[in-house]
Amino acid sequence: MGVVENDPVVRDMLSAELARCRELVVELGNSAAALPRGSLSVRKKRYKDREYVYHCLKYREGAKVISRHVAAGDVEEIAGQVELRRRYEKEIRALHKRIAYLEKLLGVGAP
């Protein structure tokens, strides 16, 4: 870590990267909050020799598991949004690790 302490150019570069990562976490968090959470599932019901298939979006609200019906026309759109939210959350976890590493390099403690 001597290079970071002795070279102001490297320190400034790492500080800028740290600030960029923090901003990106906030932006991705806001984008993820606007997307539906949970997962899509397919339910099958049998009634009088017929089988009906419908899709549900399942997610938690506190201790409850909420199952919300998704119209057949909206399944593709909702599936894409759920996948996008998962990618955002994965990226946020990776950024948190990167932020912790940069803070350690710079000697900045997170409060």
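Q: How far apart are the end C-alpha atoms of helix H2, and what span should its residues give?
A: They are 37 Å apart. Helix H2 covers residues 8-33, 26 residues, and should span 38 Å at 1.5 Å a residue, so the two agree. The expected span is 1.5 Å times one less than the number of residues. Helices are DSSP runs (H or I, at least four residues), numbered from the N terminus.

Q: What am I looking at, a prediction or something else?
A: This is a predicted model: local features need pLDDT of at least 70, side-chain atom pairs count only at pLDDT 80 or more, and totals for chains, interfaces and linings use all residues. Residues are numbered from 1 along each chain as its sequence is written, and side-chain values use heavy atoms, leaving out hydrogens and water.

Q: Which residues of H2 are buried?
A: Leu14, Glu17, Leu18, Cys21, Val25, Leu28 and Ala32. Buried means under 20% relative accessible area, exposed over 50%, partly exposed in between (1.4 Å probe, protein chains only).

Q: How buried is Cys21?
A: Its relative accessible area is 0%. Cys21 is in contact (heavy atoms within 4.5 Å) with Leu95, Arg98, Ile99 and Leu102, leaving aside neighbours within four places in sequence.

Q: And Cys56, buried or exposed?
A: Buried, at 3% relative accessibility.

Q: New topic. How many disulfides are there?
A: The count is 0, taking a disulfide as a pair of cysteine sulfur atoms within 2.5 Å.

Key:
Helix = DSSP H or I, 4+ residues; strand = E, 2+ residues; numbered from the N terminus.
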